[in-house]
Amino acid sequence: MSNAFVSLQKLSLAYGSNIVVPELDLDIVEGELIALLGPSGCGKTTTMRAIAGLMAPQSGRIYIDGIDMTRMPANKRGIGLVFQSYALFPHLTTFENAAFGLRLKKLPQAEITQIVERGLRAVGLDRLADRKPAEMSGGQQQRLSLARSLVMQPKVLLLDEPLSNLDARLRLEMRAELQRVQKETGITMVFVTHDQSEALALADRIVLMNNGIIEQIGTPDELYGAPKTKFAADFFGFENIFEVEGNTIKGAAQSLPLGFESTSKYLAWRPGAIDVGVGNFSGIVRGSAFAGEQREYIIESKIGQVHAATPAADPSYKIGEEIVFDFPQDHSLPLAR
Amino acid sequence: MSSKWTSRIIIGITLTFLIGPFLIIILAGLSAGDFMTFPPDGISLKWYLKVFTVESFRASFALSMFLAVFGTIAALILGIPAAYAISRYDIPYAETIKTIVAAPIIVPGIIVGLALLRYLVVPLGFTVTLALFLAHTALVLPYAVRVVSSSLNNLRGDMEEAAVLLGCSRIGAFMRVVLPNIQSGVLAAFILGFVTSFNQVPVSLFLSGPGVRTLPIDMLSYMEMTYDPSVAALSALLAFLSVIIVFVAEKFLGFSRYV
Amino acid sequence: MFQNNREGLALALPAAVFTAILFLLPIGMLLSEAFQVDGHWSLRGYLDFASKPLNQTVFWRSLKLAGLVAMTSAVIGYACAFCIINLDGKNRGRIFGLIVLPLMISPVARTYAWIVILGRTGIVNDAIIGLGLSDTPIRILFTETAVFIGLLQLFLPLMIISLISSMENLPKDVIAASRVLGASWLQVFTKVILPLTKDGLVLGGTLVFTGSLTAYITPAILGGSKVLMLETLLYQRVNVANDFVSAGVIATILIVMSFGANILLKRIAAIRS
């Protein structure tokens with residue numbers, strides 16, 4: 001734990017009697033870009049708010065840069081937060097929004113001007129210094145919110161769903177912007193998102209959360225390629241997840257023999273991994289969709305619904321037609337829980 | 001007859017009923033005669049000028065102004081934190097607190113005046129002015145809380161959190177971020193409170209003594225004694241004052257959305 | 001939402017404690033006084049009060065006038081609100097402003113105008129004599145009619161405002177649609193407009209009813225001692241007879257009715273949501 005810059009130890013978070021995060025341990029290395037990923041209500045935002053000091057933990061410790069921050073008030077922590085709604089001050093201009101924290105530090109005016117101008121230039125808002133937030137687009141407001149936090153040179157920058165309020169084009173732009181800022185400043189960033197593609201594209205490491213518990217921590221490659229739990233596999237697009245016991249696969253209605261032996265509790269396959277046209281399993285095609293490079297099928301079989309996909313060039317099956325398929329061992333993903 | 005004309009006539013009759021009487025008092029106050037008549041006996045400004053020379057009107061106007069200004073300020077001092085707590089904190093017994101604070105709107109004013117007279121002024125030796133001040137504060141408080149609450153609810157709470165994370169204390173965040181953004185709500189609350197307090201009659205009925213009378217009470221008792229047009233002139237002046245206040249407030253604050 | 005609830009309570013309590021101690025406590029004591037006769041708990045105050053014909057008259061008159069004012073303002077209010085809602089935006093705002101305006105003006109000034117209009121030498125009597133309908137002035141001032149007119153003028157704006165705000169939520173083409181489906185105007189009103197604006201009617205009706213019931217200025221100026229209502233009676237009992245038991249009884253009646261109407265309102269609002 002020596003190289004952990006942010007360290008959450010046995011953190012327990014609750015709103016009144018409603019426990020959101022029972023016990024959470026997490027270490028973040030300095031300069032990392034971490035995604036807290038999970039469905040709504042999984043505790044990711046609560047965890048972020050606890051790091052910021054906006055909510056007090058029931059128990060556990062929060063260390064940042066070796067200092068125990070658990071009881072430190074939010075305004076003394078030196079942490080930046082880019083709010084989902086941007087939380088800009090509507091009565092202040094762009095310049096004054098960005099200068100807000102610096103003025104509280106009582107820096108000399110000349111220094112404030114210099115830092116703010118540099119900060120606004122870095123996010124491309126230097127020409128809009130006299131505008132009020134209401135006169136700016138969503139993307140500009142977001143960049144101002146980012147600049148307002150960055151000029152404070154926070155130890156950690158937290159971002160709450162930073163891309164969710166932007167349209168598709170701006171989202172790509174902002175993604176690149178965040179990565180660039182992170183490269184240039186080397187700041188430790190933690191962002192919260194419910195969108196797996198955002199986390200995969202942006203993060204150095206992903207912390208996947210569910211029901212207040214960390215399901216898995218890993219690089220985007222690890223989480224996408226080798227999720228370790230049923231929840232993680234489901235979240236990253238493994239459509240076919242079945243309980244197995246030895247060499248049988250346990251379907252909803254019936255158990256059938258699998259072609260190989262397995263020691264894990266569950267096995268999962270992506271749709272493309274299912275062999276179609278050969279094999280010991282059969283079912284009826286209930287749905288079929290052409291998706292560019294491949295054709296996707298929903299198959300109703302004795303072990304339940306199976307999602308399969310074949311290259312678009314392969315012969316296609318019609319809805320209602322019988323289809324045979326198999327679960328190959330080499331593309332199967334074993335899951336412990 | 002087209003429905004457009006029917007509609008104009010209905011609105012016209014209603015407005016005549018609601019506003020016409022004011023026009024009549026304005027004219028009645030212009031009378032040159034010594035008694036209230038309409039149409040007035042000749043035209044003069046003497047009653048409008050007389051209003052300013054009647055000693056009791058001046059004293060009671062001063063008292064009403066004092067109550068309206070300071071009662072409303074006191075109500076805002078109590079009401080703004082309460083409104084802030086209700087909209088931003090998950091406080092226990094929030095409903096009870098809201099009901100208590102809102103009660104003065106519902107309780108008929110005459111009862112308030114009587115109760116304060118009997119249990120604060122007589123046994124505890126409160127002066128009538130102090131009792132009036134307390135009563136007016138309590139009476140304006142619900143309006144202050146309601147209007148300020150509604151402008152706080154239009155303001156996102158995460159702005160305060162952003163200010164705190166940038167280094168503000170909680171009070172600092174309120175002063176630097178919240179207050180500037182609810183200014184117009186506070187001003188609207190002040191105007192509404194001022195008007196409510198200034199026009200208030202029943203509360204002050206029992207809470208008046210020799211030399212301590214609010215303007216509306218003074219007008220009522222003047223009316224009982226004298227039947228000259230000065231009360232009409234004074235009423236017209238007060239109506240004018242209200243119209244100007246409301247017009248300015250509407251122009252700058254969009255006042256009517258707070259009423 | 002902040003977590004520190006003690007801090008929140010500290011902010012909210014001054015207002016609540018202020019109102020509770022300086023406002024509700026004395027009122028509670030006043031109300032309890034009506035249950036104490038000669039130092040004992042008793043209902044005699046109420047029984048004595050109820051047995052006096054004058055009190056009965058005043059009680060029923062107050063209820064009757066408040067009910068009449070509420071109903072009349074509902075009828076005028078519907079017609080007027082419907083016309084205003086159909087105006088274009090700019091005119092609608094102006095007219096709405098003119099309707100709201102009287103609420104900001106001193107009720108004493110508002111009521112005083114009626115003396116000029118309804119008095120012995122007022123406009124109405126001038127007109128009656130001028131037209132030869134009567135040789136001597138008719139007494140209008142200090143009658144129930146005068147009080148009714150005064151109350152209606154005082155409280156009609158509240159009804160119109162309530163109805164307008166509920167009509168603003170009316171789906172746009174619902175009236176045209178029901179006309180097309182063959183409904184008469186009466187049917188449109190009873191089957192479409194009335195059910196959809198029920199909330200505004202209840203709110204406005206409650207405001208007008210309780211306002212009229214607890215009015216002081218209007219009955220004091222336009223009714224005098226001839227047409228007493230509950231509040232003027234209370235004032236008279238205290239000032240003329242020092243009768244605090246009757247005052248407490250009337251206060252209780254007024255408060256029960258005001259709170260009852262408010263609770264009813266909240267109930268109706270709750271049922272709807």
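Author: We begin with a hairpin in a predicted model. β1(A) and β2(A) form this hairpin with two residues between them, and A:Gly16 in the turn has a positive phi of about 60°.

Reader: What makes β5 of chain A a partner of strand β4 of chain A?

Author: Two bridges join β4 (residues 59–64) of chain A to β5(A). The cut-off is at least two bridges, so this pair also qualifies. The strands run antiparallel, and A:Tyr63 stands opposite A:Asp68 in β5(A).

Reader: In what order do the strands of this open sheet of chain A stand, and which are called edge strands?

Author: The order of the four strands is β2-β1-β4-β5 (chain A), with antiparallel pairing. The edge strands are β2 and β5 (67–68) of chain A, since each pairs on one side only. Helix α1 (residues 44–52) of chain A lies across β1, β2 and β4 of chain A, and this helix runs at about 115° to β1(A).

Reader: Where are the bounds of the domains of chain A?

Author: Domain 1 of chain A covers 6–230, and domain 2 covers 237–335. The centres of the two domains, taken over C-alpha atoms, are separated by 40 Å.

Reader: How many residues of domain 1 of chain A are in contact with domain 2 of chain A?

Author: Seven residues of domain 1 of chain A are in contact with seven residues of domain 2 of chain A. The area buried between these domains is about 550 Å², and carbon and sulfur atoms give 63% of that area. A:Tyr224, A:Pro227 and A:Lys230 supply 75% of the area that domain 1 of chain A buries against domain 2 of chain A, more than any other three residues.

Reader: Which strands of chain A pair with strand β11 of chain A?

Author: β11 (residues 240–250) of chain A is joined by four bridges to β13 (residues 266–269) of chain A. Four bridges also join β11(A) to β12 (residues 255–262) of chain A. Pairing requires at least two bridges, so both cases pass. Both partners run antiparallel to β11(A). A:Asn240 has A:Trp269 in β13(A) as its bridge partner, and A:Gly246 stands opposite A:Ser262 in β12(A). A hairpin of four residues joins β11(A) to β12(A).

Reader: Why are β16 and β17 of chain A said to stand at the edges?

Author: The open sheet has four strands in the order β16-β15-β14-β17 (chain A), with antiparallel pairing. β16 (304–311) and β17 (322–326) of chain A each have a single partner strand, so one side of each is left without a neighbour in the sheet. The twist averages 50° from one strand to the next. Within this sheet, β14 (residues 275–291) and β15 (residues 294–301) of chain A pair over eight bridges in the antiparallel sense. A:Ile284 has A:Glu300 in β15(A) as its bridge partner.

Reader: How many helices and strands does chain B have?

Author: Chain B has eleven helices and zero strands. The C-alpha trace of chain B spans about 70 × 65 × 30 Å along its principal axes.

Reader: What makes the meeting of C:Glu33 and B:Arg118 a salt bridge?

Author: Their side chains meet at 2.4 Å, N to O. Across the interface of chain B and chain C the rule finds two salt bridges. There are also eight residue pairs in polar contact between these chains, both residues of each being at pLDDT 80 or more. Helix α1 (residues 3–29) of chain B gives 13 residues, the largest share of the side of chain B that touches chain C. The contact takes 76 residues from chain B and 74 residues from chain C. The two chains bury about 7000 Å² between them, 82% of it on carbon and sulfur atoms.

How values were computed
Residues numbered from 1 in each chain as written. Chains lettered and ligands numbered in written order. Heavy atoms only, no water. Axes fitted to C-alpha atoms, helices over the stretch in contact; angles between N-to-C directions. Domains from an automatic or database assignment. Contact = heavy atoms within 4.5 Å. Buried area = accessible area lost by both parts, 1.4 Å probe. Salt bridge = Lys/Arg side-chain N within 4 Å of Asp/Glu carboxyl O. Polar contact = N/O pair within 3.5 Å; in protein donor to acceptor, adjacent residues only side chain to side chain.
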